[in-house]
Every structure is written in C-alpha cells, then in structure tokens.
Amino acid sequence: RGEQVGTGGRAERIRTYNASDDRVTDHRLSSSKFGLPAMLAGELIDEFGTELRAAREQMRLQHLLEDLKRAEKTTEEGATSKARRK
C-alpha cells in the first residue's frame, strides 16, 4: 500500500500529456507513447496498464529475492555461530 500512496506533491507526476508532440509519458515507467487522441479514447491505457503491472511484478520479485538472500545469510550466520560454540 505504501508504494501506491504518495505525498501528493507536484513532483509526483504520474502521466504527462503533451499535445504539441502528440505524446503521453507515464513517469512511473519512464515510458512514452505517441497518439494522444488514442490515449484519450482509452486505446493506449491498456498498454500502459500492462507495462505497469509487469514493472510492479518485477519489483515485487526483486524484493522477494532480496528478502530470501537476507534470510539465507542470517541462517548461515546462525549455523556458523552454533558450530563455533561446540
């Protein structure tokens, strides 16, 4: 939930619509798509949604991997500590 809710500050842009360049940029993904009318018609929103879901899944998997590595390291340190006491 913490990653979904921001401070609401102006610097927390989600998406920028640039009519002069016919471009829409999603700042969470650092991804731009061309075709502003298509975006406003709802045609490009699925593409952004798919990319956003993939990026979030990748981030979750990365965090899980980091947690597993930390747990493994803790387990190894505990085993080493027990072996020294014997």
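This is a friendly dialogue on reading a few features of a predicted model.

User: What should I keep in mind before I start?

Analyst: The model is predicted, so local features need pLDDT of at least 70 and side-chain atom pairs count only at pLDDT 80 or more, while totals for chains, interfaces and linings use all residues. Residues are numbered from 1 along each chain as its sequence is written, and side-chain values use heavy atoms, with hydrogens and water left out.

User: How do I read the sheet, and what is the order of its strands?

Analyst: Strands of a sheet pair through backbone hydrogen bonds, either parallel or antiparallel. Strands (E, at least two residues) and helices (H or I, at least four) are DSSP runs, numbered from the N terminus, and two strands pair if DSSP finds at least two bridges between them. Here an open sheet of three strands runs in the order S1-S2-S3, with antiparallel pairing. S1 and S3 are the edge strands, each with a single partner, so one side of each has no neighbour in the sheet. From one strand to the next, the twist averages 15°, taking axes as lines fitted to C-alpha atoms, for helices over the stretch in contact, and angles from 0 to 180 degrees between N-to-C directions.

User: How many bridges join S2 and S3?

Analyst: Strand S2 (residues 23-26) and S3 pair over four bridges. Arg23 has Phe34 as its bridge partner in S3, and Thr25 stands opposite Ser32.

User: Which residues make up the covered face of S3, and which the uncovered one?

Analyst: In a regular strand the side chains alternate between the two faces of the sheet. In S3, Ser31 and Lys33 form the covered face, whereas Ser32 and Phe34 form the uncovered one. Ser31 is buried, because its relative accessible area is 12% (buried means under 20%, exposed over 50%, partly exposed in between, with a 1.4 Å probe and protein chains only). Its side chain makes a polar contact with the side chain of Glu51 at 3.1 Å. A polar contact is a pair of N or O atoms within 3.5 Å; within protein, one must be able to donate a hydrogen and the other to accept it, and residues adjacent in sequence count only if both atoms are side-chain atoms.

User: What is there to notice about phi in the loops?

Analyst: Most residues other than glycine have a negative phi. Asp22, in the loop between strand S1 (15-18) and S2, has a positive phi near 55°. Ser30, in the loop between S2 and S3, also has a positive phi near 55°. Asp22 is partly exposed, because its relative accessible area is 32%, while Ser30 counts as exposed at 67%.

User: Which residues form the largest nonpolar core?

Analyst: In soluble globular proteins, nonpolar side chains tend to be buried together. A nonpolar core is a set of buried Ala, Val, Leu, Ile, Met, Phe, Trp, Tyr and Cys residues joined through side-chain atoms within 4.5 Å. The largest one here has eight residues: Val24, Leu29, Leu36, Ala38, Met39, Leu44, Phe48 and Leu52.

User: Is Leu36 buried or exposed, and what does Leu36 touch?

Analyst: Leu36, found in helix H1 (residues 36-40), is buried, with a relative accessible area of 11%. Leaving aside neighbours within four places in sequence, Leu36 is in contact (heavy atoms within 4.5 Å) with Tyr17, Asn18, Ala19, Asp22 and Val24.
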